[in-house]
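Please read the points below with the sequence and the structure open beside you. Each point takes up one topic.

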There are 2 protein chains.
Amino acid sequence: MDHSTALLTDRYELTMLQGALTAGTAERRAIFEVFARHLPNGRRYGVVAGTGRFLAALESFRFGGPELEYLTSQGIVDEPAAAWLESYRFSGNIWGYAEGDCYFPGSPILVVEGSFAEAVILETLALSILNHDCAIASAASRMVRAAADRPLIEMGSRRTHEMAGVAAARAAYLAGFRTTSNLEAGRAYGVPTAGTSAHAFTLLHDSERHAFQAQLDALGASTTLLVDTYDVARAVAVAVELAGPELGAVRIDSGDLGEMAREVREQLDALGAPKTKIIVTGDLDEYSIAALAASPVDGYGVGTSLVTGSGAPTASLVYKLVARAQTDDGPLRPVAKHSVGKPSRGGRKWAVRHRDENGRALAEVVSTSEPTPGPYDRPLLRPLVVGGEIVGREPLSEARDRHQRALAELPPSAFQLSRGDAALPTEFLNGS
Amino acid sequence: MDHSTALLTDRYELTMLQGALTAGTAERRAIFEVFARHLPNGRRYGVVAGTGRFLAALESFRFGGPELEYLTSQGIVDEPAAAWLESYRFSGNIWGYAEGDCYFPGSPILVVEGSFAEAVILETLALSILNHDCAIASAASRMVRAAADRPLIEMGSRRTHEMAGVAAARAAYLAGFRTTSNLEAGRAYGVPTAGTSAHAFTLLHDSERHAFQAQLDALGASTTLLVDTYDVARAVAVAVELAGPELGAVRIDSGDLGEMAREVREQLDALGAPKTKIIVTGDLDEYSIAALAASPVDGYGVGTSLVTGSGAPTASLVYKLVARAQTDDGPLRPVAKHSVGKPSRGGRKWAVRHRDENGRALAEVVSTSEPTPGPYDRPLLRPLVVGGEIVGREPLSEARDRHQRALAELPPSAFQLSRGDAALPTEFLNGS
């Protein structure tokens, strides 16, 4: 994003800035943390995603002429606040869980240290990106597990905001999806793209036979033909007749997908096309994917349920002040509100994944002093920004690989699709 | 958006384009329509939103150097298709329901007429924008009704993708929300913004008293003080002590909001601040807003449930080919697939809202020939693009006003919060 991201911000962040500048408290050292009080929807684990996008957005978080003109002309900030914003560059430190790692209730997935003023105005940007991307990746990861070794195609762009679709494709790939239909995700993030044709292509032509021939002429026999526009059995017969046994795949988008897959598999085998694959699509989620495990399906296309987080469209992450100094260079002191039903733990957090000698995760250990990790424990926070400089960039492929390693540590209960408790208990250690 | 929107597109649209160019069918005249097979979640009506954003995105739908370089280097399109895309300008016609109008199952809220090639590649762009914005506006409209005359503040940006938050603020305003916290929505769409402070601001200061004084110094007595960081009754007492009876409002973000509002109202009145308002926030949706109708609440802030469509994060709109010519300039003929469980009606549609002499809506009439509206009927499709030229731009305020007029036509059953049938039956007339 080369546009400024500075106004992707809630107004109250700038009025708080102005209030703190007025009161002389803006430069107090502060720590904010991003965490989830609970996992949504009875999930067993969450997946960290969006960190890379956040770092890119942070780089573009600049109040230039157009932004300041809007803010001052609307009376949203006064002159001193506008002057402060004009020279704004985040100069603090940020640590975070690595993208692709798993998280649990209370995991401090992002820790932001800076002056109150420079950290408070990042709340909405950080939360928007992480809440969306973690929600999608967490749903995607379950779908990938449910599909076992069969590939998943992300195709939900049409069912979500046009830019959210791009981020969703990135998050799904990170969590193990094989490809996406979204071309911008291909260009911006290098996610492999896939896609062949819709019912409209068949309906455009004078017959299904004409349509199949047109597609084969343009894309070759390895393409995927959509066979449920009229009559599936007839379409499969025509498809193999025209493409021969080298036909790449057929796609079924309606009906009882398991039953259809069985019938089509038998038909393809009988027609001498045993290598032609069967792709199914149509309102799939992790449950319907799992239900098709015994059906002769070779790949799944997932749309709506992926981009809407399969019932949990937001990760419910919050951004909370947990410590601050009482003078500009005084020591950090823990703070926490006492609001009913929203427990907060004051103090800066560290986190390790406590593991046994076989590398099996036993607990998420969150502490308010720097821990001494046990011999098999894995520290979870890594530096992302040091003194304002972004140091945490990495290729998306690293996050994708990391996710598979993070899953391999988890106990089997993590992979139950049913609702339940988090797969790891979070242990809070108060070291102070 | 001044960036190209051309890659906010599913790959299969471009492979279909290539297939049609190869087969010589790309220039066949075609009609695609956007409609919902059903309303989500037992809703009584849907709200059209996003049309204005779609028209802006259409204007930026251009395949320039970076887009073509990506597509050809990845082998996604061949040279003839790339050349076709390079000169792409939509040259057809688009009609649509006006933004802010209501829709029902089968309502053709967007009708795109052009060559197959120029229309098929708009599928994802149109659906992404309309599916998101209609979902948000449809949820927002119910919240506005539930709040009766009390104002609603949209504050959900942090719980959705950073750009979806901007669009959500726009859609909520269109549906009757008073303000948004999202500054970019203020700048880009002129939505009024609101916002004062978070718990972090109180926690930053040495005491709640210091924090309140800082906020009052910066923003004046008309501000809204957040009173639930520690003890609500004590905070309210300090707030009125410092601000006097001119204190604008207090905000409560936790606990039993109805009970808290009653206690705080009594306290404010006893302290001589009867004009100080009470704003409540904290995971509100249309149901909890309605449940607070008898409580002394003056305004609601709504976040998560607004930006996630209150259980229906997508409007489930589809983009279907309904008619096409069999030669480049032949007559349009209806087409429809026969897929199981996904009924489609072929042929270009017109729509009127059938009304009685009092202007009360009786039915949504969708026909496959141009209708002769009755004396009280209201035609629903208006030209948005004529011969490639965008003619349907309008200020957001017009859509906002229109929505209130559209609601005023609906029968009382439209405003039941419970799940049920659409408030109007959709009557399909086959005029051919």
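1. Tyr287(A) counts as partly exposed, because its relative accessibility is 41%. The cut-offs are as follows: buried is under 20% relative accessible area, exposed is over 50%, and partly exposed is in between, with a 1.4 Å probe and protein chains only. Tyr287(A) belongs to helix 13 (residues 286-291) of chain A. Helices (H or I, at least four residues) and strands (E, at least two) are DSSP runs, numbered from the N terminus. Leaving aside residues up to four places away in sequence, Tyr287(A) touches Arg142(A) and Leu417(A); contact means heavy atoms within 4.5 Å. Between the C-alpha atoms of Tyr287(A) and Ser310(A), which are 23 residues apart along the chain, the separation is 9.9 Å.

2. A word on the basis of these values. This is a predicted model, in which local features need pLDDT of at least 70 and side-chain atom pairs count only at pLDDT 80 or more, while totals for chains, interfaces and linings use all residues. Residues are numbered from 1 along each chain as its sequence is written, chains are lettered from A and ligands numbered from 1 in the order in which they are written, and side-chain values use heavy atoms, with hydrogens and water left out.

3. Now chain A as a whole. Its secondary structure comes to 15 helices and 19 strands. The C-alpha trace of chain A spans about 80 × 55 × 35 Å along its principal axes. Of the 432 residues in chain A, 62% are buried. Taking the contacts in chain A between residues at least 6 apart in sequence, 74% join residues at least 24 apart.

4. One annotation comes from a record. An unreviewed UniProt entry gives "domain: Nicotinate phosphoribosyltransferase N-terminal" for residues 7-131 of chain A. UniProt positions are given in the numbering used here, feature names are shortened, and annotations may be inferred rather than shown by experiment. Over residues 7-131 of chain A, the chain is 42% helix and 18% strand, and the end C-alpha atoms are 18 Å apart.

5. Aromatic pairs come next. Rings of Phe, Tyr and Trp (its six-membered ring) pair if their centres lie within 6.5 Å; planes under 30 degrees apart count as stacked, over 60 as edge-to-face and the rest as tilted. The count comes to 14 aromatic pairs over all chains. The pair of Phe63(A) and Tyr88(A) is edge-to-face, because the ring centres are 6.4 Å apart and the planes are at 80 degrees. Phe63(A) lies in the loop between helix 2 (51-59) and helix 3 (65-73) of chain A, and Tyr88(A) in the loop between helix 4 (79-86) and strand 3 (93-97) of chain A, so the pair ties together parts that are 25 residues apart in sequence. Phe63(A) and Tyr88(A) are both buried. In chain B, Phe63(B) and Tyr88(B) form an edge-to-face pair, at 6.4 Å centre to centre and 80 degrees between the planes. Phe63(B) is buried at a relative accessible area of 4%, and Tyr88(B) is buried at 3%. One aromatic cluster is formed by Phe61(A), Phe63(A), Trp84(A) and Tyr88(A).

6. Which residue lies over the face of Trp350(A)? Arg348(A) does, at 4.2 Å from the ring centre. In chain B, Arg170(B) lies over the face of Tyr189(B), at 5.3 Å from the ring centre. A charge sits over a ring if NZ of Lys or CZ of Arg is within 6 Å of the ring centre and within 35 degrees of the ring normal.
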